[in-house]
Amino acid sequence: MASVKKDNRLTSSQSFMCVGFAGVFSKTVTSPLEVVKIKSQVGTFHCKKGFWQSFLLIYQNEGIRGFWKGNLASCLRLFPYTAVHLTTYKKLVHLHMDELGFISQWRAIFAGGLAGIAAALTTYPLEVAETRLIIQNCRQPTYVGVAHTLSKIYRNEGLLALYRGFSLTLLGAFPFSIGCYAVYMNLDKLWQEPPFRFTPLQNFINGCLAAGVAQTLSYPFETVKRKMQAQSARLPHFGGVDVHFSGMMDCFIQVVKNKGVLSLWNGLTANTIKIVPYFGLLFTCFEMCKQGCLYRNGYIVSPLSYKLAPGVDQSLGPYELEDAKRYLKNRDFGSGESSFRNRW
């Protein structure tokens with residue numbers, strides 16, 4: 001069983017801000033790895049000579065800016081994605097909770113998968129824009145900025161082009177959820193102790209391990225999805241895709257036939273290397289932002305420490321704590337005024 005917990009000392013807007021800030025920072029820092037991964041999945045010439053040579057070729061052909069192409073679209077996508085995902089996830093989890101607030105691990109993962117699909121549907125055009133911006137040469141750009149990319153795709157290729165490959169998000173959600181479930185169901189065997197005793201470091205390792213296994217299982221679906229997002233008859237060299245195809249199944253067939261089945265995992269090295277710094281930065285930035293909010297709300301004595309503020313009931317929500325402080329302040333003021341009158 002797994003308990004779904006949240007820190008009630010943060011407001012909803014503060015939680016959203018912490019998640020958003022952490023996501024933007026971690027995505028920006030690890031953007032070079034994401035660029036190499038997507039170029040490898042699409043099959044552009046930059047990645048023909050292996051992982052390390054990809055960085056050199058991108059730098060030689062596009063300069064340092066080439067490693068942060070599409071990052072703005074990725075960051076803009078994060079906020080609506082997080083909002084839709086969290087809202088949907090909470091609603092689904094509350095439907096399946098028992099009276100004590102517990103939910104099975106499988107149901108929690110299933111709820112997370114459905115929430116991810118809802119969030120992906122909402123923000124998918126931004127993912128398509130990210131892919132198009134990454135695969136183009138920024139010294140000879142077809143698209144200039146996120147808004148221009150979206151409008152040009154819509155004008156030239158139609159609305160459906162902004163959702164090309166979305167069905168693979170649905171198909172990839174199943175092996176992804178199975179991978180997460182397989183890892184989390186065996187964590188007690190891995191650590192030889194029950195989950196409630198896990199340290200923050202163990203939980204971090206668990207998250208990285210689950211992400212690594214889940215993404216590896218669902219990776220072929222993402223590879224084909226990226227190729228479908230990138231291919232367009234209106235782009236030079238059909239978008240740089242290494243195979244030409246007419247649809248989803250044909251893409252799978254052409255990739256396996258011409259490049260071999262292992263090419264469905266092109267870019268997995270960059271993706272795997274990215275997992276630890278991404279989640280590490282995500283966790284660290286979230287905790288730093290959270291500490292600042294807890295200090296502002298009056299729960300801790302410093303934004304650089306988790307030392308609890310003396311005399312503060314940590315079980316109170318931020319608005320309840322604010323009301324309690326206001327009440328005590330008014331009561332103390334009234335007592336002082338009464339004492340002043342008694343002296344005179």
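Visitor: Is A118 buried, partly exposed or exposed?
Guide: In this predicted model, A118 is found in helix α5, and its relative accessible area is 26%. Because buried means under 20% and exposed means over 50%, A118 falls in the class between them, which is partly exposed.

Visitor: With which residues is A118 in contact, leaving aside its neighbours within four places in sequence?
Guide: A118 and T88 are 30 residues apart in sequence, yet their C-alpha atoms are 7.5 Å apart in space. Once the neighbours within four places in sequence are left aside, the contacts of A118 are V84 and T88.

Visitor: How are α5 and α6 oriented to each other?
Guide: Helix α5 covers residues 105–135 and helix α6 covers residues 146–157, and their axes lie 9 Å apart. The two helices pack at an angle of about 100°. Since angles of 65 to 115 degrees count as roughly perpendicular, the orientation of α5 to α6 is roughly perpendicular.

Visitor: How do the residues of the contact of α5 with α6 divide into nonpolar, polar and charged?
Guide: From α5 the contact takes in P125, L126, V128, A129, R132 and L133, which meet V146, T149, L150, I153 and E157 in α6. Sorted by residue class, this contact of α5 with α6 holds 8 nonpolar, 1 polar and 2 charged.

Visitor: At roughly what angle do the axes of α2 and α9 cross?
Guide: Helix α2 runs over residues 31–42 and helix α9 over residues 200–230, with axes that come within 8 Å. The two helices are roughly perpendicular to each other, and the angle at which their axes cross is roughly 80°.

Visitor: How many charged residues are in the contact of α2 with α9?
Guide: On the α2 side the contact is made by E34, K37, I38, Q41 and V42, and these meet Y219, E222, T223, R226, K227 and A230 in α9. The residues divide into 4 nonpolar and 2 polar, while the charged ones number 5.

Visitor: Which element gives the most residues to the largest nonpolar core?
Guide: The largest nonpolar core has 23 residues, and those with the most contacts inside it are V36, V42, F51, F55, V224, V241 and F245. The elements that give two or more residues to this core are α2, α3 (51–62), α5, α9 and α10 (248–259). With 5 residues, the element that gives the most is α2.

Visitor: How many residues are in the second, separate core?
Guide: V224, which is among the residues with the most contacts inside the largest core, is in contact with L168, M248, C251, F252 and L264 when its neighbours within four places in sequence are left aside. The second, separate core includes L126, V128, V146 and F166, and its residues number 13.

Visitor: Is G43 buried or exposed?
Guide: G43 has its place in the loop between α2 and α3, and beyond its neighbours within four places in sequence it is in contact with K48, K227, G240 and D242. The C-alpha atoms of G43 and S263 are separated by 9.2 Å, although the two residues are 220 residues apart along the chain. Because the relative accessibility of G43 is 9%, this residue counts as buried.

Key. Residues numbered from 1 in each chain as written. Predicted model: local features only at pLDDT ≥ 70, side-chain atom pairs only at ≥ 80, totals over all residues. Heavy atoms only, no water. Axes fitted to C-alpha atoms, helices over the stretch in contact; angles between N-to-C directions. Helix = DSSP H or I, 4+ residues; strand = E, 2+ residues; numbered from the N terminus. Parallel < 35°, antiparallel > 145°, perpendicular 65-115°, else oblique. Contact = heavy atoms within 4.5 Å. Nonpolar A, V, L, I, M, F, W, Y, C, P; charged D, E, K, R; others polar. Buried < 20%, exposed > 50% of the residue type's maximum accessible area, 1.4 Å probe, protein only. Core = buried A, V, L, I, M, F, W, Y, C linked by side-chain atoms within 4.5 Å.
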